[in-house]
Amino acid sequence: MSSTLNSTGAGTLNKARGDLHWVLKTTEDSIATLVACFQGLARHADSTLSLAAAIVERVEDRSVSSVLSSVQCLGAAAREFVGDRLGATSGIIDTVTAEMELLRKLSMVTDGQANVAARIKMLNVHTKIEVAHLGKVGASFEYLAGELADFSKVLAKSTDELIRHTNERKSATEKTRQLFSVELPHLREELTQIEKNLSADLAALQSGLTQLSNAPVQFRASAEVISGQIAGVVVAVQGHDITRQQIEHVQEALNSISQAMEMDGASGKGKLQEVAYSHAGLAIQISQLKAIRATIADWTSRVRGCLGGILEISASGLAEIGPLVLEQERSMSAQLSHIELLERECLANSERIRGTLEGISNLSQLVSEHLQKSESARNRLRMLNYNSVIEASRLGAQADTICVIADGIAEVSVEWTKITEQSGSALREILSLSQRINEAMATFSQAKSESLGEAQAQTKAGLESLRDASTFAVAQGQKIGIETDAMQLMGSEAERTSGLLDSCYARIDAVLTLVEDAKSQLEAQYPDIVEYYDSERIERSFSATYTTEAERDVLRAALYGTEMPVLQQCAMGNDVELF
Amino acid sequence: MKRILTVDDSTSVRQMVSFTLQNAGYEVAEAVDGKDGLAKVGAGKFDLIITDLNMPNVDGIQLITAVRKLPGYSFVPILMLSTESQADKKDEGRRAGATGWIVKPFNAEQLVAVVQKLVK
């Protein structure tokens, strides 16, 4: 070995050692920063998990998962409630329309009655004139005149009463019809809207509740993943210590080779063996450096991956569930309020229907009384007719006019009978209407909405629990947000530091180039130098400081040409072997 | 609270041992090499010691040997934590009085489980 080559090679190797020192220092500093970041991240991750655990506990404590079934019951009950009232309202409109037709018929009846009353009054006047004309002979007809006068008054009074009431009912019925004609489309619209909103809200709530209900599972999974990532960082950081030792061993080897190259005393075979020792040493260090580069890349990548994993998991969905569910709870509560409002409207409608029912009841009472009076009047008219006919036949030709009056009474009696039958028919119709209104009332009654009330109570309780859990989740989510923000800062710091480690690869590559150059120079001067290898001495000498099996495997591969060992770092670390 | 001493010339390894065991509820003291470790053992009582093998000044084997001679430390568990995995090194450790051997890198969960078992 020439002295020029000696000094050049030694200088190259010293520079390589200096570069390796830089790598050692840089990795040492970087790992210190990374460890600080990691400890901070782990602390914040722990706080995040505690906050998330509190959310999970609250979710489980409040039985949030049962809210959905309550809300679904409410949806079904509300649909049934509105549907029933929709049907009943249609029925009421039909009933009211029928009542209006009935009132028109009653008006015709009262018109006929008024006409009959007027005709009886005329017959009374004729009878009085005839009684005066007949003198003593017609005294028996004074009773008939009196009866007709009295009957006319009673009939007029009853007819007036019926007319007044019928007119009142016409007005009230028209109002009811108008009201329900407006109410029906409104109820239809409400039903459609409730269907639509409830379906949308239920779908959203289901999604939110599923997320919230999954929180415990998600939390446990996150906790497990974070725990795994932390364990991964613990292992990867130890990887640094292993490479530190390996770099130190390369430094020591380069120092030893440098010293061997600088020894200029030997000659002949002895010198060739020293050159061979240096050449083999350089070949081994090249392999070791390549393995070190791969190992640093491996643990740097694992530290980076695990720290990123901690950040990612910690910032995952748990913090966002609260606001999401709270928003859905608000929407659902608004639906509940809307249903309550609708319920109140239906209750007000129920009052209006009760008014309609009372009106019809009064009408049926009045028509019933009127019918009784009509039947009594019909009997009296018949009696008057018989009496007047008998008296008139007893008087003979003198009572021709009375016979005409008797015929008039007979005609009125027939007409009155018809009117009485019409009143009876009206009464039956009124009773039928009353029955239909009663049925509608049953639908609108409180008892029918019990199922809705129960569903509302359950939903209210469920939504209160949901509100409590989601409000708590929102508050916890904000705290988680603060933790994850701090973690993001540490993550950025860790990322910057990882960037520094990347620069180590370039420096190791530079060292590799220097060592390979030194080796090439030896090969150029001694092309057959491999033939002078004393493998046993070389292995013993260079492996003396080795502390890992990986280093020994690399040495053997470089020295004996066996396959380079595949990088096998235990990702989860090694177990304890107890003696 | 049980006290554990971790002895290693590598700051990062000491930090990882401390982090792992502190999270498991132990009080952990650190020593930078065997000499420092012996000083710490002399100054206070520990329920378990975890030591590296290759360290400047006093190495792991020397530390164990010295600790075993101290009063009250005959049965205190001592775990070796080293990159070495050779059987002869492990034998040397056992003969010196080590309770167990862990090849770096250690598995955090396993380490905690064994420490819990040893310092009950």
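Predicted model: local features only at pLDDT ≥ 70, side-chain atom pairs only at ≥ 80, totals over all residues.

Biologist: What makes β1(A) and β5(B) a pair of strands?

Modeller: Two strands pair if DSSP finds at least two bridges between them. β1(A) and β5(B), residues 100-103 of chain B, have three bridges, in the antiparallel sense, so they count as paired.

Biologist: How many residues are in contact between chain A and chain B?

Modeller: 27 residues of chain A touch 29 residues of chain B. On the chain A side, the elements giving two or more residues are α1 (3-61), α3 (141-262) and β1 (576-578). The top contributor is α3(A), with eleven residues.

Biologist: And which classes of residue make up the side of chain A that touches chain B?

Modeller: There are 13 nonpolar, nine polar and five charged residues on that side.

Biologist: What does it take for a residue in chain A to be called buried, and what share of the chain is?

Modeller: The cut-off is 20 or more other C-beta atoms within 10 Å of its own. Buried residues are 40% of the 579 in chain A.

Biologist: What share of its contacts is between residues at least 24 apart?

Modeller: 91%, among contacts in chain A between residues at least 6 apart in sequence.

Definitions and conventions:
Residues numbered from 1 in each chain as written. Chains lettered and ligands numbered in written order. Contact = placed C-beta atoms within 7 Å. Helix = DSSP H or I, 4+ residues; strand = E, 2+ residues; numbered from the N terminus. Nonpolar A, V, L, I, M, F, W, Y, C, P; charged D, E, K, R; others polar. Buried ≥ 20, exposed ≤ 12 C-beta atoms within 10 Å, placed from the backbone.
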